[in-house]
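Let's take a walk through this protein together. Have the sequence and the 3D view at hand as you read.

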Amino acid sequence: MLLTFRPALWLRLLIFYQQACALLEVFEVYQPVPIVDDGYEQCNEETVLVHHDFGYSYGQPYVGAYEPPHCTFDTVRINLTITSKGRQYDRLAILYLGDIEVYRTSTAEPTSNGIVWTYVKDISQFNTLLREPQKVIFDLGNIITNVYTGYYNTTLTAHFSYKGNVKTPDAILPISARKSAQNSSSEFELPSDNAKVLHRIPPATSRAVVSVSATGQSTEEFWWSNVFTQDSWSFNSTIGELYGYSPFREVQLYIDGVMAGVVWPFPIIFTGGIAPGFWRPIVGIDAFDLRQPEIDISPFLTMLRDNKTHSFEIRVTGLDVSEDKSITFSDTIGPYWIVTGTIFLYLDNVASHNSSSHKPDISASSPSFVATRNLVHNATGVNETLAYSISAWRTITVKSSDYTWSQNLSYSNYGSLNQQGLSQTTHQRTSGRTQLIGGENNEVNEVTFDYPLSCNQTYNLDDGLIINASMRRGLDIDATGALGISTYTLTSGPLSLHTEQWGTAFYKSTLEASISYGETSDYFKSNANGVSYDRQVHAVNGSVI
């Protein structure tokens, strides 16, 4: 239903604004989405997609109906505003149009006085869906108890406008569990699910890109701090089980059982991660908008445009490291990863004349790995320290007569546990380059990235749980530009992004209460499609100074 501006609604908005002003404003540092000024001649309408309080909502997503506006649009911005008051964990949330994931986000952790945050995102790459009626599903699983009392009061609106030069996909297909007909969310849960679907690709397809959304939860939330499986019980008497399968994860895309590309994931940290005092009021990098890396599958079109169904599958794997340091991909991982994919298709009538059944030339040998491990005992034979490392390199190239898609990736993780497991340090770095060459103009689209992360946590278990922590992390992306709006760079044009966070935090939890405070700095500098933005923020104990 389109939003009509009536006096009663404006009064409600004014009251909401006055109430929100008393709440702590929590925010992610990011480049604001530009406002489209079309002179209000073509299209300037809003619609409410979601208005719902998420309480005991696991397995009970919000389900609504969307109708497109009665105007010509090519630019769509969504505004997500959430308030919460009380005590609550951070939660993952996903917006679907039918079976297709549109937006993945997470929540901030509330205070007793309450918090509010707003995030604005351009979702114009989904225009082909937004021009037709859709079922809206917003999944935000939450639990309310006598201890965890925070509801997430959620409003999601969409604003439509006309810019005139926005290139968007002509067709979109899901790699998902496709449960919207049952009013359920459509993510796969790995390793328990089989994340495979079948699709027929239109013969007129000239470009095809798959975005991959994969988020570790539970024992996989801090996958980057996991140890080799053989060391899971090294400090059982002090801190219990350590999660295994190594600190390396690879998200793999297969087409008809053939590897098409991989993602080495960004180490997302949610607002309860490491120590909550880091993330109030500044949340972690990308916590309110989890980027979806892209794998260009255009070289596969020579075999996909045959009017037959083809399989698309996403897998997540870790590593098994043996006593002699030999390394293989693990058959499984811990529970669990939330995974979907989206296939964006660009159509061209000429493409139907270039169809064939030829498979592309694929060079995707196993990565090169190097591992070290050293477990040290004290004089009484008790395990005292554990040091481990993984380094990895991988190159993938896929060639067809029209396109060449390549990936060059590198990774290192150096971890140690000291004081019989009560202190852990992690230094990780993931970097890489992806490149597509080809098309009518022999265009070159290139993306480079770098994810540095350093983290230290020291635990004291004498009186409840006490954590002293420090961290430094970053995200760097340079991109030449995409055919449409990229789910990874979040823009259609070139991008140069550098952002980093660093700080210290303290956390204490007992049976009676918990407290957390900290100091965090955030530096952000970006040039997206020719528009520059930079910001530096320093917060101490929940206040921006």
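**A guided walk from a cysteine to the core**

Cys43 is buried, with a relative accessible area of 2%; buried means under 20% relative accessible area, exposed over 50% and partly exposed in between, using a 1.4 Å probe and protein chains only. Please keep in mind that this is a predicted model, in which local features need pLDDT of at least 70 and side-chain atom pairs count only at pLDDT 80 or more, while totals for chains, interfaces and linings use all residues. Residues are numbered from 1 along each chain as its sequence is written, and side-chain values use heavy atoms, with hydrogens and water left out.

What is the partner of Cys43 in the disulfide? Cys43 is joined to Cys71, with their sulfur atoms 1.9 Å apart; a disulfide here is a pair of cysteine sulfur atoms within 2.5 Å. The pair links distant parts of the chain, 28 residues apart: Cys43 sits in the loop between strand E1 (24–25) and strand E2 (44–54), and Cys71 in the loop between strand E3 (62–66) and strand E4 (75–84). Helices (H or I, at least four residues) and strands (E, at least two) are DSSP runs, numbered from the N terminus. The disulfide count by this rule comes to one. Another cysteine to look at is Cys455, which counts as buried at 4% relative accessibility.

Strand E4 also holds Ser84, which is buried at 3% relative accessibility. The Ser84 side chain reaches the backbone oxygen of Tyr151 at 2.7 Å. Leaving aside neighbours within four places in sequence, Ser84 is in contact (heavy atoms within 4.5 Å) with residues including Pro110, Ile115, Tyr151 and Asn153.

Now for the sheets. Strand E3 belongs to an open sheet of four strands, in the order E3-E8-E5-E6 with antiparallel pairing; two strands pair if DSSP finds at least two bridges between them. E3 and strand E6 (100–106) stand at the edges, each with a single partner strand, so one side of each is left without a neighbour in the sheet. Inside this sheet, strand E5 (residues 92–97) and strand E8 (residues 134–140) pair in the antiparallel sense over five bridges, and Leu97 has Val136 in E8 as its bridge partner.

A further open sheet of four strands runs in the order E12-E17-E14-E15, again with antiparallel pairing. Its edge strands are E12 (196–200) and E15 (258–263), each of which pairs on one side only. E12 pairs with strand E17 (residues 309–317) in the antiparallel sense over five bridges, and Lys196 has Glu313 as its bridge partner in E17.

Strand E10 (residues 171–175) is largely enclosed by the rest of the structure, because five of its five residues are buried. From E10, Ala171, Leu173 and Ile175 point one way, and Ile172 and Pro174 the other way. Five bridges join E10 to strand E20 (residues 337–347), the two running antiparallel, and Leu173 stands opposite Ile343 in E20.

In soluble globular proteins, nonpolar side chains tend to be buried together. Here the largest nonpolar core has 96 residues, and those with the most contacts inside it are Ile175, Ile297, Leu304, Phe312 and Ile390. Such a core is a set of buried Ala, Val, Leu, Ile, Met, Phe, Trp, Tyr and Cys residues joined through side-chain atoms within 4.5 Å. Not counting residues up to four places away in sequence, Phe312 touches, among others, Ile175, Lys196 and Ile343.

Technical notes. A polar contact is a pair of N or O atoms within 3.5 Å; within protein, one must be able to donate a hydrogen and the other to accept it, and residues adjacent in sequence count only if both atoms are side-chain atoms.
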